[in-house]
Amino acid sequence: MIEQVRPADLPAWIQSQPAGTRPVVLDVREPWELQTASVRPDGFGLVAIPMNEIPGRVAELDPQTPVACLCHHGARSQRVAMFLESRGFQRLANIAGGIDAWTAERDPAVPRY
């Protein structure tokens, strides 16, 4: 089962990962969405790969690295997390509520759309 992490709880999820790892937030939104609203890396790496490109680009991700998936509201990122799990990724989370919740819970400077 994919762990559901609210944006406000992401720092705790990052801290819970094994020492020496640098978790990644995988933003699976479309390029126009990234231009509209994006997060700033803060204690995590940031990788942007649109959802429909994940199957062809999965090799760009390290299965040993903890990955928290992000989209607009949390549905696309949940599907991507499930796909990654089927490919052997074990340290996965879905950022519940997506970038919309990120604005409300973590950074009101991130525009809502």
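**Close-ups of a predicted model**

View 1. With a relative accessible area of 0%, Arg29 counts as buried. Keep in mind that this is a predicted model. Arg29 sits in the loop between β2 (24-27) and α2. What does the side chain of Arg29 make polar contacts with? One partner is the side chain of Asp27, at 2.8 Å, and another is the side chain of Tyr113, at 3.0 Å. Leaving aside residues up to four places away in sequence, Arg29 also touches a list of residues that includes Leu34, Pro50, Leu70, His72, Arg76 and Ile99. Pro50 is 21 residues from Arg29 in sequence, yet their C-alpha atoms are 5.1 Å apart.

View 2. Tyr113 is partly exposed, at 27% relative accessibility. Tyr113 is also the residue whose side chain makes a polar contact with the side chain of Arg29 in View 1.

**View 3. Phe44 and Trp102, another aromatic pair.** The ring centres of Phe44 and Trp102 are 6.2 Å apart and the planes stand at 80 degrees; that angle is over 60, so the pair counts as edge-to-face. Phe44 comes from the loop between α2 and β3 (45-48) and Trp102 from helix α5, so the pair ties together parts 58 residues apart in sequence. Are these two residues buried or exposed? Phe44 is buried at 0% relative accessible area, and Trp102 is buried too, at 3%.

**View 4. Helix α5 and what covers it.** Six of the eight residues of α5 are buried, so the helix is largely enclosed by the rest of the structure. The buried ones are Gly98, Ile99, Asp100, Ala101, Trp102 and Thr103. Their cover includes α1 (10-15), β4 (67-70) and β5 (92-95).

**View 5. Strand β5 and its partners.** Strand β5 is covered on both faces, with Leu92 and Asn94 buried on one side and Ala93 and Ile95 buried on the other. Strand β1 (residues 3-5) pairs with β5 in the parallel sense over three bridges, and Glu3 stands opposite Ala93. Strand β4 also runs parallel to β5, joined by three bridges; here Ala68 has Ala93 as its bridge partner. Between β4 and β5 the chain passes through helix α4 (residues 75-86), making a right-handed β-α-β crossover.

View 6. Asp42 pairs with Arg106, with 3.9 Å between the closest N and O atoms. That pair connects the loop between α2 and β3 with the segment after α5, 64 residues apart. Asp42 is exposed at 54%, while Arg106 is partly exposed at 26%. Arg112 and Asp100 meet at 2.8 Å, N to O. Arg112 lies in the segment after α5 and Asp100 in helix α5, so the bridge ties together parts twelve residues apart in sequence. Arg112 is exposed at 57%, whereas Asp100 is buried at 17%. Elsewhere, Arg57 and Glu60 form a salt bridge at 2.8 Å, N to O, and Glu53, Arg57 and Glu60 are linked in a network.

Technical notes. Residues numbered from 1 in each chain as written. Predicted model: local features only at pLDDT ≥ 70, side-chain atom pairs only at ≥ 80, totals over all residues. Heavy atoms only, no water. Buried < 20%, exposed > 50% of the residue type's maximum accessible area, 1.4 Å probe, protein only. Phe/Tyr/Trp six-rings, centres within 6.5 Å; stacked < 30°, edge-to-face > 60°. Helix = DSSP H or I, 4+ residues; strand = E, 2+ residues; numbered from the N terminus. Contact = heavy atoms within 4.5 Å. Pairing = 2+ DSSP bridges. Right-handed = clockwise from strand over helix to strand, strands pointing away. Polar contact = N/O pair within 3.5 Å; in protein donor to acceptor, adjacent residues only side chain to side chain. Salt bridge = Lys/Arg side-chain N within 4 Å of Asp/Glu carboxyl O.
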